[in-house]
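Dear colleague,

Please keep it open beside the text as you go.

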Amino acid sequence: MKKYLVVFMVCLAIAVSGITMKASAADDDAKKLKKKTEQKKDKEDKKEKKEKKEKKDKKEKEEKADKKEKKSKKDEDKEEKADKKDKKAKKDKDDHKEDKSDKKKKDKKDKDDDKEAKADKKEKKTKKDKDDEEKDDSKSDKKEKKDKKIKDVRHSKTADEKELGKDDKGRMIYEGPRGGQYYYTDHGTKVYLKEDDKK
């Protein structure tokens with residue numbers, strides 16, 4: 001029986017060592033594949049970087065050439081503008097002399113027109129002021145009537161009630177003997193205030 005057990009253990013050891021060998025070989029293959037793919041990626045990245053650098057260099061050269069051309073065009077444009085300004089200045093001087101005489105005539109006419117317009121405005125303002133005063137008087141009368149229409153509550157104060165004052169809606173707030181706060185509706189029913197609404 002010991003012999004069989006020894007043989008079985010030897011076979012088992014051989015099988016386990018074979019499995020581990022295969023696993024380690026598979027791991028080695030996987031590592032080699034990873035290295036190869038990493039090397040390929042590195043090569044591709046290097047190529048892309050070189051291409052990008054070359055493109056940037058070409059763009060920079062083209063931009064420099066364009067800038068030089070633009071500068072020469074700007075210089076020519078400046079010279080042309082200077083010539084045009086000189087011509088305009090001469091024309092402006094001549095036109096300015098003519099404009100002065102025309103302005104004097106126009107100013108006299110404008111002053112006369114302004115005087116007439118001011119007189120018309122004064123007349124209109126006095127009429128408007130009168131109308132506005134009448135409207136204001138009628139509005140104030142309406143407000144007074146509304147103020148008089150405040151409803152009185154059908155309630156007479158008892159001995160154990162304290163008046164605390166009025167709330168935002170104009171209702172009289174009372175405090176009972178045990179500290180509860182409430183108000184009366186138009187119909188005379190008592191409505192207690194929540195804790196948040198208390199004064």
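In which helix is leucine 5 found? Leucine 5 belongs to helix H1, which covers residues 2-148. Before going further, please keep in mind that this is a predicted model, so I also give the confidence values below, as low-scoring parts call for caution: where pLDDT is low, the predicted coordinates should not be read in detail.

On confidence, the mean pLDDT of the protein is 80, and 83% of its residues score at least 70. Among the elements, the lowest mean pLDDT, 79, belongs to H1, whereas the highest, 94, belongs to strand E4, residues 190-192.

Of the 199 residues in the protein, 5% are buried, and the protein exposes about 20100 Å², of which carbon and sulfur atoms supply 51%. If you consider the contacts between residues at least 6 apart in sequence, 17% of them join residues at least 24 apart.

Returning to leucine 5, is this residue buried or exposed? Leucine 5 counts as exposed because its relative accessibility is 52%, and the cut-off for that word is over 50%. Leu5 also takes part in a nonpolar patch on the surface, together with Phe8, Met9, Leu12 and Val16, and the accessible area of these residues together is about 500 Å².

The strands give us another region to look at. Strand E1 (residues 162-166) pairs with strand E2 (residues 172-175) in the antiparallel sense, over four bridges, and in this pairing glycine 165 has isoleucine 173 in E2 as its bridge partner. E1 and E2 form a hairpin with five residues between them, and in the turn you will find glycine 170, whose phi is positive, at about 90°.

Finally, how many salt bridges does the structure hold? The structure holds one, and it is formed by aspartate 167 and arginine 171, whose closest N and O atoms are 2.9 Å apart. As a general point, side chains of opposite charge can pair when their charged atoms come close. Arginine 171 counts as partly exposed, because its relative accessibility is 26%, and that class lies between the limits of 20% and 50%.

With best wishes

Definitions and conventions:
Residues numbered from 1 in each chain as written. Heavy atoms only, no water. Patch = residues over 30% accessible without salt bridge, like charges linked within 9 Å, V, L, I, M, F, W, Y side chains within 5 Å. Areas by Shrake-Rupley, 256 points an atom, 1.4 Å probe, with all protein chains shown as cover. Salt bridge = Lys/Arg side-chain N within 4 Å of Asp/Glu carboxyl O. Helix = DSSP H or I, 4+ residues; strand = E, 2+ residues; numbered from the N terminus. Buried < 20%, exposed > 50% of the residue type's maximum accessible area, 1.4 Å probe, protein only. pLDDT = per-residue confidence, 0-100. Contact = heavy atoms within 4.5 Å. Pairing = 2+ DSSP bridges.
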